[in-house]
Amino acid sequence: MPSSSSFRVALLTSGFVAHTALAYTQVNVPTPFMNKNIDPIVFPGSYTSHLHSFYRSDAVTASTSSSDELRSGCTNAENPNDLSTYWTPAVLYQSGDGSWQPAPVMRFSAYYGLGDTPAEVPFPENLMMVAGNATATTPEEMPAEANSEWFCEDADLFDTFAAAPLLPQLPYKAGRPGAYYECPSGMQAMPRLRFSIRYDLREVLPSGWSGTAPVMLASGNAFCSHGDFIHGWTDEGGINLVAAMASKDEYLSVNGALGYDGDVMDCVAVDADPENGTSDYADSVEMKSKRSIPAFGWSSKSRFARSVRRM
Ligand SMILES: *[C@@H]1O[C@H](CO)[C@@H](O)[C@H](O)[C@H]1NC(C)=O
Ligand SMILES: *[C@@H]1O[C@H](CO)[C@@H](O)[C@H](O)[C@H]1NC(C)=O
């Protein structure tokens, strides 16, 4: 029963823990720029997804299908060359009036690297990836290769939070799911991506709780944690991302045509399609009941957009 309850979604892989880390880089963003019931990979064009929290390029809509579309957006990332969009199911807490509200996010980090093999090629144009299983309800149904884990920032609270499982780990593997240590012959490794998200519940649940945590994912319990990504790095940034992973054990800055690592764009990221969809959890549940498209087949997969649509 934590009286103070800061925890984070962190993404540690066996590569990170047990093997020599290759060089890496990291791009942070303070908060999601929107929560919305869309998922351009799993439910393209539809407003019937569970609620997701969206980070980085704000050009994303329910219909986004290309890297170029994202490059026209504004990003609140601490690297203006990263115009990718990243999203995860919204983490919700139950407020005093019984409604479910998005939990405050302290920081969303995308780590690139920390793999066992260096990256050889940039992300392919229009790359889309999903890690995790949005319909899993048990540990057995979680794709093992997604390495999703929850844990508590404060080690003293670890047991409490482990008992109320919550934090996902969603690393993206280079090459293909399961290609953990090396690529099959004839394939080349692209940068490996993992998400790490810290939520701070101290602000909204200051007295903690007893029993079941009044916290859930918009898509269900902790086992359905998942993460989505559409590549929108600038061309130069994407190439420099590969170079940043060439030497060992170092943090390397990725710079590009739009600025330096650590720079922030002078813009405010906003919903590009405010007339449609919802940022309200209860409304999203209502809209989801009208869903006609099955979500089958979208656990830990990547694909290339079938066509490039330009705005
Ligand atoms: C995802 O979860 C569903 C349960 O909704 C399960 O039937 C399915 O096997 C899981 N997929 C994987 C890849 O484990
Ligand atoms: C989005 O909202 C606009 C303005 O209300 C509307 O014209 C458009 O049809 C909507 N798009 C979808 C896909 O519902």
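Modeller: A place to start is Tyr-93, whose bridge partner in β13 is Val-215. Strands here are DSSP runs marked E of at least two residues, and helices are runs marked H or I of at least four, both numbered from the N terminus.

Colleague: Is this predicted or experimental, and how are things numbered?
Modeller: The model is predicted, so local features need pLDDT of at least 70 and side-chain atom pairs count only at pLDDT 80 or more, while totals for chains, interfaces and linings use all residues. Residues are numbered from 1 along each chain as its sequence is written, and chains are lettered from A and ligands numbered from 1 in the order in which they are written.

Colleague: What sheet do they belong to, and in which order do its strands come?
Modeller: An open sheet of three strands, ordered β7-β6-β13, with antiparallel pairing. β7 (100-102) and β13 (215-217) are the edges; each has a single partner strand, so one side of each has no neighbour in the sheet. Neighbouring strands in this sheet are turned by 35 degrees against each other on average, direction ignored. The axes behind such angles are lines fitted to C-alpha atoms.

Colleague: How many helices and strands does the protein chain have?
Modeller: Five helices and 15 strands. Of its 311 residues, 50% count as buried. Buried means that 20 or more other C-beta atoms lie within 10 Å of the residue's own; exposed means 12 or fewer, partly exposed is in between, and the C-beta atoms are placed from the backbone.

Colleague: Which residues have the most contacts inside the largest nonpolar core?
Modeller: Tyr-55, Ala-110 and Val-215, in a core of 66 residues. Such a core is a set of buried Ala, Val, Leu, Ile, Met, Phe, Trp, Tyr and Cys residues joined through C-beta atoms within 7 Å.

Colleague: Start with Tyr-55. What does it stand opposite in β5?
Modeller: Tyr-86. β4 (residues 52-56) has five of its five residues buried, and β4 pairs with β5 (residues 85-89) over five antiparallel bridges. β4 also pairs with β3 (residues 34-36), again antiparallel, over three bridges, where Asn-35 stands opposite Ser-53. Setting aside neighbours within four places in sequence, the contacts of Tyr-55 include Val-29, Phe-33, Trp-87 and Phe-108. A contact is two C-beta atoms, placed from the backbone, within 7 Å.

Colleague: And Ala-110, which residue is its bridge partner in β12?
Modeller: Phe-195. β8 (residues 105-113) and β12 run antiparallel and are joined by seven bridges. In β12 (residues 193-200), six of the eight residues are buried.

Colleague: Change of topic. Which residues of α4 are buried?
Modeller: Gly-237, Gly-238, Asn-240, Leu-241 and Val-242. Their cover includes β2 (24-29) and β8.

Colleague: Why is Glu-236 classed as partly exposed?
Modeller: Because it has 15 other C-beta atoms within 10 Å. Glu-236 lies in α4 (residues 235-243). Leaving aside neighbours within four places in sequence, Glu-236 is in contact with Gly-256 and Ala-257.

Notes:
Two strands pair if DSSP finds at least two bridges between them. Axes are lines fitted to C-alpha atoms, for helices over the stretch in contact, and angles run from 0 to 180 degrees between N-to-C directions.
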